[in-house]
Amino acid sequence: MKFKIVTLLVFGLIASIQAQEKKWTLQECVNYALENNISIQQQKLGNTLIEEDITVAKGNLYPSLNASASQNYNFGSFIDINGGRISRDSRSNSFGLNTGVTIFNGFRNKNNLLQAKKSLEAAGFDLEETKNNIMLLVVNSYLNVLLSKENLKIAEDQVAISKSQVEKTKNLVELGSKPKATLLEAEASLATNMEQLVSSQNTLDLALLNLAQLLQLSHKGFDVEDVQLNINSASLVYNDTDAIYNKALVTLPEIKSAQIAIENAGLSVDIAKAGLYPSLTFGAGLGTSYQHNQGQKDVRIILDPVTGVPIEVPNGFGKQLEDNLGYNFGFSLNIPIFNKFQVKSGIAKAKINKKRAELQLLDKQIKLRESIERAYADARAALNQYISAEKSLKAQEESFKNAQESFNAGVMTSFDFDQVRNRYVNAQASMANAKYNFVFRTKLLEYYYGIPVVVN
């Protein structure tokens, strides 16, 4: 027993360590979110319900078939011809089989089936839209984590530089080449950089927490794979918003869903108009019964065909069912004449809903164009920011190298060196922000153009 417990603990510890060491790639994050997100699961269940609506609509095209059976008991008495009261208790059975089918009802059943299929198609596009939105959220959160990691690396490098600066200054102070105030300034810079390091670590922790919560995972031990974003040539692939918009009109699921909504609304008009047409149904059935008087034999009196004398013949359960068996069939025609304006009002409402669906599609198209134009403007601004940040970083990097050489040679004060270094750090942070902002804005334009979002 002890061995089993120890074994379980060891395997549990190994599993825990592996879980903590796992680093999620972007593709793994996207796949996990699409597979486990609760909103997506709920929409899938909704689609399953619509599939059942299709089954019901198909069933309305087929005949119905129902069987029935009953068992009845009767208790009481009656007065015979002599004025005496006779007790008469009985029981009876009846059996039936009925079928019916709608031959014509203004194509209502056919249009109901088409509408159910269209609803399922629209629900599929709605599910795809939800998946796309979640995917973009995951990508954005993942990029925020990468940005936070890069800013943390910058902060760690600055701490390392400050520590080296403190050590060098301490040696110069001990040699008498620098006043003690210079060491205090270097130590103050180190403390500031340590504070920035803690702040960067907190920002990274929050970014990881946000991504973990988006994936509905525990944040403990959660981490992502480091990705080096190399932008060889910063430029916008798409320079024409009209081309992106025209492509989005035929690829985005929200537009397809709105188009199907118009088709569905048109079917609703046809279904409402079905109330103006006559309906024709066919029905058929068969039935039989059995009657038994309590305390008496199941017999009946007939005249002997030879002697003409009354005789008793068996009249049991099977015989009665056979003798009482009957059939029926018929057609039913219903012609609407006046229905208190309900059909007319239903048609008017259906037409209004169709116009509303057309306006909803127009509204989505307008908002889509606005979103694409805004995304393009943001991407162009991000590109300009990236180019500017890249130039600034190169200039500040050269300035920092020169300042570092001057500080090491003792011709630059610690205060002046920190000013140059702060400008270099700010340039690094601006470059990182501009890079990830440009990547996401570019990926957003690619999404509108129908290109799968991939970060590499």
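Mentor: Lys and Arg count as positive here and Asp and Glu as negative, while His and the chain ends are left out. On that count, this predicted model carries 48 positive and 46 negative side chains.

Trainee: How far apart do the centres of the two sets lie?

Mentor: The centres of the positive and the negative set are 6 Å apart.

Trainee: What makes up the secondary structure of the chain?

Mentor: Ten helices and eight strands.

Trainee: Why is the chain called more spread out than a compact globule?

Mentor: For 456 residues the globule rule gives 23 Å, whereas the radius of gyration is 42 Å, well over that figure, so the chain is more spread out than a compact globule. The C-alpha trace spans about 155 × 70 × 35 Å along the principal axes.

Trainee: What share of the residues is buried, and what share of the contacts joins residues 24 or more positions apart?

Mentor: Buried residues are 33% of the 456. Among contacts with a separation of 6 or more, 81% are between residues 24 or more positions apart. The chain exposes about 27,600 Å², with 56% of that area supplied by carbon and sulfur atoms.

Trainee: Why is the pair K118 and E121 called a salt bridge?

Mentor: The cut-off is a Lys or Arg side-chain nitrogen within 4 Å of a carboxyl oxygen of Asp or Glu. The closest N and O atoms of K118 and E121 are 4.0 Å apart, so the pair meets the definition. Both residues belong to helix α4 (residues 108–175), where three residues, about one turn of the helix, separate them.

Trainee: What makes K149 buried?

Mentor: Buried requires under 20% relative accessible area. K149 has 17%, so the label applies.

Trainee: Which side chain does D226 meet in a salt bridge?

Mentor: That of K149, at 2.8 Å from N to O. D226 has a relative accessible area of 46%, so it is called partly exposed.

Trainee: Which residues do salt bridges with shared partners join into one network?

Mentor: K23, K149, D223 and D226. In the whole structure the search finds 14 salt bridges.

Trainee: Why can such side chains pair at all?

Mentor: Because side chains of opposite charge can pair when their charged atoms come close.

Trainee: Why is D418 called buried?

Mentor: D418 has a relative accessible area of 10%, and the limit for buried is under 20%. D418 lies in helix α10 (residues 414–448). Leaving aside residues up to four places away in sequence, D418 touches Q165, E185 and S189.

Trainee: What is phi of Q216, and what is phi of F341?

Mentor: Phi of Q216 is near 60 degrees and phi of F341 is near 65 degrees. Each is a positive value in a residue other than glycine. Q216 is in the loop between α5 and α6, and F341 in the loop between β8 (326–334) and α9.

Key: Residues numbered from 1 in each chain as written. Predicted model: local features only at pLDDT ≥ 70, side-chain atom pairs only at ≥ 80, totals over all residues. Heavy atoms only, no water. Helix = DSSP H or I, 4+ residues; strand = E, 2+ residues; numbered from the N terminus. Rg over C-alpha atoms; globule rule 2.2 N^0.38 Å. Buried < 20%, exposed > 50% of the residue type's maximum accessible area, 1.4 Å probe, protein only. Contact = heavy atoms within 4.5 Å. Areas by Shrake-Rupley, 256 points an atom, 1.4 Å probe, with all protein chains shown as cover. Charge placed at Lys NZ, Arg CZ, Asp CG, Glu CD.
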